[in-house]
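Dear colleague,

I am pleased to hand over the structure below for your study. My notes on what was found in it follow directly after it.

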Amino acid sequence: MGRSRAVTPVHQPLALTRRGLLGAGVGVGAGAVGVGVAGPGGLSTSAMAAGGNPSDSGSPDCVNAWIDTLFDVTWAEGPSPTNAARMYAYCALAMYESVAPHTQTLRSLTGQLSDLGGLPRPPAGRVDLPCVVAGSVGAVAGRLFAEASASSRELLAETMTSQVAARRSTGVPAGVIRTSLEHGRRLGARLNAWIDTDGYAGTVGRAYTPPAGPDLWRPTPPNFGAAIEPYWSEVRPLVLRTAAEVAPAPPVSFSTVEGSPFWEQANLTLQTGLALTASQRRIAMFWRDNPVTSGLPSGHWMRVVRQFSAQHGLSLAETVEAYARVGVALHDAFLNCWTWKYRYRLLRPVSYVHEYIQADLPPAQQWQSFVNSPQFPEYSSGHSVASRAASTVLTDLLGERTYVDHHPAAPGGGDTRGFDSFHQAADEAAISRLYGGIHYLMGIENGKAQGDDIGALVIDRLRTRR
C-alpha cells in the first residue's frame with residue numbers, strides 16, 4: 001500500500017455552498033479551480049472565448065453542485081450503504097444522459113445498461129444544459145428521496161431553484177429555460193420508470209432470521225442491530241450479468257483452534273486494534289463512512305470525482321462521464337459484495353474474538369472494535385470491493401493522477417488527505433477496515449481483487465465514447 005500525503009485540513013462545510021454560490025458557475029469546495037461565471041447555454045466565459053461545444057468544454061459546476069447536495073441529503077437521511085450506491089448511480093446517470101447527446105464525444109448508455117431502452121430525444125433548437133440537468137436530476141432525486149425528511153426535500157428543491165436562477169441571471173432566455181427544464185423532466189420521468197423496475201421495492205420490509213452456527217454472522221456490539229439489506233441480491237445489476245457474477249476467493253476454513261489460519265486472521269485484527277497508532281486511527285475515521293455520519297462510502301467516492309474535477313479542470317463532458325462510470329461501478333460492486341456476504345454469512349471479528357479468543361474475560365474487559373461493526377456479514381469487505389472498483393474505472397478513464405480529498409464528514413469538522421493515485425486511496429480505504437477492527441485481512445485483500453474484477457467488467461462493457 002502506498003503512503004498518502006498528509007495535508008493540512010481545510011474546513012469548508014458543504015453548507016456554505018447552499019446560499020448564493022450554488023449553481024452560480026463558481027467552483028466551490030476544497031481545491032476548486034476555474035472560478036468564473038458560466039455564460040449563456042452552459043458554456044463558461046473562458047470556453048466561449050475559445051469556442052467549442054458547450055458540454056465538451058464547458059463548466060461542470062452545475063453537476064458538481066448536485067453531488068454536494070446528494071451527499072448532504074444522503075448524510076442526513078442515512079440509507080443503507082447499498083441503497084446509497086443505488087441512488088448516487090441513478091442520479092449520475094441522469095446527469096450523464098442530460099449532457100451526452102449534446103457532446104461530440106459521449107454516447108448514450110441506452111442498450112448498454114440492463115433493461116434501459118430509448119430515452120427522450122432532445123428538443124430542436126437551443127437548450128441550456130444546466131437546466132436540463134436540473135430537470136432530470138431533480139426528478140430522479142425527488143423520486144428516490146420521496147420519503148426523506150422535509151429539510152432534505154427542501155434542499156433538493158432549493159438546488160434546482162438555485163440552478164435555474166443562476167442560469168436566468170446570466171441571460172438565458174425564459175423560453176430556453178422552460179424548454180430545457182421540460183426536456184430534463186421528461187428524461188427524469190423515463191429514467192424513473194426504469195428505476196421502478198429494478199427490484200428494490202421487493203427487498204424492503206421483509207423479515208430475516210440469521211441462521212445459527214459457530215461460523216455464521218450474528219448481531220454485533222454495541223448496537224446488536226438487525227441484518228441490513230439481506231435481500232439485496234434481488235436488485236437488478238447495471239452491467240453485471242448476474243448479481244453473483246464475480247465470485248471472491250473463499251475465506252480460509254473456519255476453525256476455533258488457536259494458531260489455525262482462521263484464528264490467526266481474527267487475532268491479527270485483535271492485535272492491530274490493541275496497538276493502533278494515531279495515524280491508523282485517523283485513517284480509520286477518514287474512511288469510516290457509516291450511515292448518518294457521512295454520505296456513505298459511495299458518496300465519498302463521488303466526492304472524489306467532484307473534487308478531482310475541480311482540481312484538474314475537467315470539462316462538463318469529462319465530469320459526467322466520470323460520475324456515470326464510477327456510479328455504475330459502485331452500484332454493481334455493492335450489489336455483488338452483498339450477494340456474497342449473505343452467501344458466506346461469515347461472523348465478524350468482534351464476535352470471534354469475544355467467543356473464541358477472549359471467552360475467559362468478563363465482558364467489560366473484552367476488546368471492542370475502534371469502529372462499530374456494521375450490522376451485516378463480514379465476507380468480503382464492502383469498502384475494499386467498492387473502492388477498488390471505483391479506482392479501477394477512474395484510473396482507466398483519467399490515469400494515475402494526484403488529488404486532494406477533503407472529507408467533511410471526518411471527525412473534528414473534516415479532514416484532508418492527499419493521494420498520488422486513485423488506487424492508493426482505494427487501498428487506504430480497504431486497510432482502514434482492519435484498523436477499524438471490523439474485518440479480517442482476508443476479507444480486505446480478497447475484496448480488493450473482487451473489486452478489481454468488477455471494475456474491469458465495467459470498463460469492458462460500458463461504452464461511453466462515440
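Leaving aside neighbours within four places in sequence, L70 is in contact (heavy atoms within 4.5 Å) with Y88, C91, M95, A141, F145 and L156. The model is predicted, so local features need pLDDT of at least 70 and side-chain atom pairs count only at pLDDT 80 or more, while totals for chains, interfaces and linings use all residues. Residues are numbered from 1 along each chain as its sequence is written, and side-chain values use heavy atoms, with hydrogens and water left out.

**Nonpolar cores**

A nonpolar core is a set of buried Ala, Val, Leu, Ile, Met, Phe, Trp, Tyr and Cys residues joined through side-chain atoms within 4.5 Å. Buried means under 20% relative accessible area, exposed over 50%, and partly exposed in between, with a 1.4 Å probe and protein chains only. The largest core has 114 residues, and L70, M95, L113, F145, W194 and W301 touch the most other members. Helix α11 (residues 316-344) gives the most to this core, with 16 residues; helices here are DSSP runs of H or I with at least four residues, numbered from the N terminus. A second, separate core of nine residues includes F262, Y352, Y379 and Y440. In soluble globular proteins, nonpolar side chains tend to be buried together.

The structure holds zero disulfides (pairs of cysteine sulfur atoms within 2.5 Å).

**Helix α8 and its surroundings**

Helix α8 covers residues 261-274. From its first C-alpha to its last, this helix of 14 residues reaches 20 Å, close to the expected 20 Å; the expected span is 1.5 Å times one less than the number of residues. Its buried residues are F262, W263, Q265, A266, N267, T269, L270, T272 and G273. What covers them includes α12 (349-357), α14 (422-435) and α15 (441-461).

H439 is placed in the loop between α14 and α15. This histidine counts as buried because its relative accessible area is 3%. Beyond its neighbours within four places in sequence, H439 has contacts that include T269, K341, R348, E378, S380 and R433.

**Backbone features**

Most residues other than glycine have a negative phi, and most peptide bonds are trans. Where are the exceptions here? A cis peptide bond joins P221 and P222, with omega about 0°, and P222 lies in the loop between α7 (174-195) and α8. Another cis bond joins Y379 and S380, with omega about 5°; S380 is found in the loop between α12 and α13 (382-398).

D115 is not a glycine, although its phi is positive, at about 70°. It lies in the loop between α4 (81-99) and α5 (129-144), and D115 counts as exposed because its relative accessibility is 61%. F224 also has a positive phi, near 50°. This phenylalanine is in the loop between α7 and α8 and is exposed, at 52% relative accessibility.

**The largest pocket**

About 500 Å³ of space lies in the largest pocket. Of its 19 lining residues, the closest to the centre are N83, R86, L144, E147 and Y200. A pocket is an open set of points on a 1 Å grid over the protein atoms alone, where a 1.4 Å probe fits, with protein on both sides within 12 Å along at least five of seven lines; lining residues have an atom within 4 Å of a point. The volume is the space filled by probe spheres set on the points, which are joined across faces, edges and corners. Helix α4 gives the most to the lining, with three residues.

Note on methods
Helices (H or I, at least four residues) and strands (E, at least two) are DSSP runs, numbered from the N terminus.
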